[in-house]
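The model is predicted.

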Amino acid sequence: MTPIGALVGMVGALFMSATMAITALVYVGTDGERYSPFNHFVSELGQVGVSRLALVHNAGQIVGGISFAIFIVALGLARKSALAWLFVPIGVLAGIGATFVGIFPMNQIRLHTLFALTFFVLGWIAVGLASWDFVRRRDPRFPWWLAAIGALTVLAFISFLVVVTPLFRTTGLESPPTRPDFWIVPTLEWAVVIGILIWTFASSFTWWRHDRGTRP
């Protein structure tokens, strides 16, 4: 029978992607600007009082975080490896962090930042360890190319952490007085989010497809 964890991973990634896309399409900022992933943070989509569909985005964030945590637990049970004992608890904490980012949007900036950092600091470790496990112990449910997606996602995580860390010593995550057309910090943040959504969906899909009797 197809694992519930695979279905949860797929549905959660698709639901979160859809809510972000819908919210971005109708977004109008405080300066009347349209949303762009090249100069707006992901969390700006959930800013109550600014984003028109903030509640939709935050709901997607909550569902996505919970789904990721469930998927990671199911993945660890499916793998039954030594690395699973590491990536499962780390991934669950990262998922919890992502969930609470939706519960505490930018309007509650201190809690929002705390949980966002929980996700960003732990998420890359979970993805990296699980991806390495795919290569280390081959399994037809999880083909090798998933590890390549995981490696790119880890690179995006680390790059984002490198560029965002100095901001916490200066301006925090506030936008500059004049928003540039291209800003590397939110662009890398979007690379992280897109990367982990693709990795989660692809890993879930190959698992689900294999268990239905059709190898990917």
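Helix H3 covers residues 84–103, 20 residues in total. From its first C-alpha to its last, H3 reaches 28 Å, close to the 28 Å expected at 1.5 Å a residue. The buried residues of H3 pack against helix H2 (54–79) and helix H4 (109–136). The points below take the helices in turn, then the cavity, the cores and individual positions.

- Buried positions of H3 include the glycines Gly91, Gly95, Gly97 and Gly102.
- Also buried in H3 are Ala84, Phe87, Val88, Ile90, Ala94, Ala98, Thr99 and Val101.
- H1 has 23 residues, and its end-to-end C-alpha reach of 33 Å is close to the 33 Å expected at 1.5 Å a residue.
- Among the buried residues of H1 are Gly5, Gly9 and Gly12, along with Ala6, Ala13 and Ala24.
- Met10, Met16, Met20, Thr19 and Thr23 are also buried in H1.
- The partners against which the buried residues of H1 pack are H2 and H6.

**The cavity**

- One cavity of 30 Å³ or more turns up when the whole structure is searched.
- The volume of the largest cavity is about 450 Å³.
- Helices H1 (4–26), H2, H3, H4, H5 (145–164) and H6 (184–211) are the elements that each give two or more residues to its lining.
- The lining consists of 34 residues, and those nearest the cavity centre are Gln61, Val101, Phe119, Phe120 and Val193.
- Sorted by class, the lining of the largest cavity holds 20 nonpolar, 13 polar and one charged residues.
- Val101, one of the residues nearest the centre, is also a buried residue of H3.

**Nonpolar cores**

- The largest nonpolar core has 45 residues.
- Ile72, Leu75, Phe87, Phe119, Phe120, Trp199 and Trp207 have the most contacts inside this core.
- At least two residues of the core come from each of H2, H3, H4, H5 and H6.
- H4 supplies the largest share of this core, with ten residues.
- Beyond four places in sequence, Phe119 touches Ala94, Gly97, Ala98, Phe157, Val192 and Ile196.
- Of these contacts, Ala94, Gly97 and Ala98 are buried residues of H3.

- His112 is in helix H4 and counts as buried because its relative accessible area is 5%, below the 20% cut-off.
- Not counting residues up to four places away in sequence, His112 touches Ser43, Val101, Phe104, Pro105 and Met106.
- Ser51 sits in the loop between H1 and H2 and is buried, at a relative accessible area of 6%.
- With neighbours within four places left aside, the contacts of Ser51 are Thr23, Tyr27, Glu44, Leu45 and Gly46.
- Thr187 lies in helix H6 and is buried, with 17% relative accessibility.
- Pro37, Phe38 and Phe182 are in contact with Thr187, leaving aside neighbours within four places in sequence.
- The C-alpha atoms of Thr187 and Val42 are 9.3 Å apart in space, and the two residues are 145 residues apart in sequence.

**Exposed loop positions**

- Lys80 is found in the loop between H2 and H3 and is exposed, with a relative accessible area of 73%.
- Although Lys80 is not a glycine, its phi is positive, at about 50°.
- Asp31 belongs to the loop between H1 and H2 and is exposed, with a relative accessible area of 69%.
- Asp31 and Glu189 are 158 residues apart along the chain, and 22 Å separates their C-alpha atoms.
- The loop between H1 and H2 thus holds both the exposed Asp31 and the buried Ser51.

Conventions: Residues are numbered from 1 along each chain as its sequence is written. This is a predicted model: local features need pLDDT of at least 70, side-chain atom pairs count only at pLDDT 80 or more; totals for chains, interfaces and linings use all residues. Side-chain values use heavy atoms; hydrogens and water are left out. Helices (H or I, at least four residues) and strands (E, at least two) are DSSP runs, numbered from the N terminus. The expected span of a helix is 1.5 Å times one less than its number of residues. Buried means under 20% relative accessible area, exposed over 50%, partly exposed in between (1.4 Å probe, protein chains only). Contact means heavy atoms within 4.5 Å. On a 1 Å grid over the protein atoms alone, a cavity is a set of points where a 1.4 Å probe fits but cannot get out, and a pocket is an open set with protein on both sides within 12 Å along at least five of seven lines; lining residues have an atom within 4 Å of a point. Grid points are joined across faces, edges and corners, and a volume is the space filled by probe spheres set on the points. Ala, Val, Leu, Ile, Met, Phe, Trp, Tyr, Cys and Pro count as nonpolar, Asp, Glu, Lys and Arg as charged, and the others, Gly among them, as polar. A nonpolar core is a set of buried Ala, Val, Leu, Ile, Met, Phe, Trp, Tyr and Cys residues joined through side-chain atoms within 4.5 Å.
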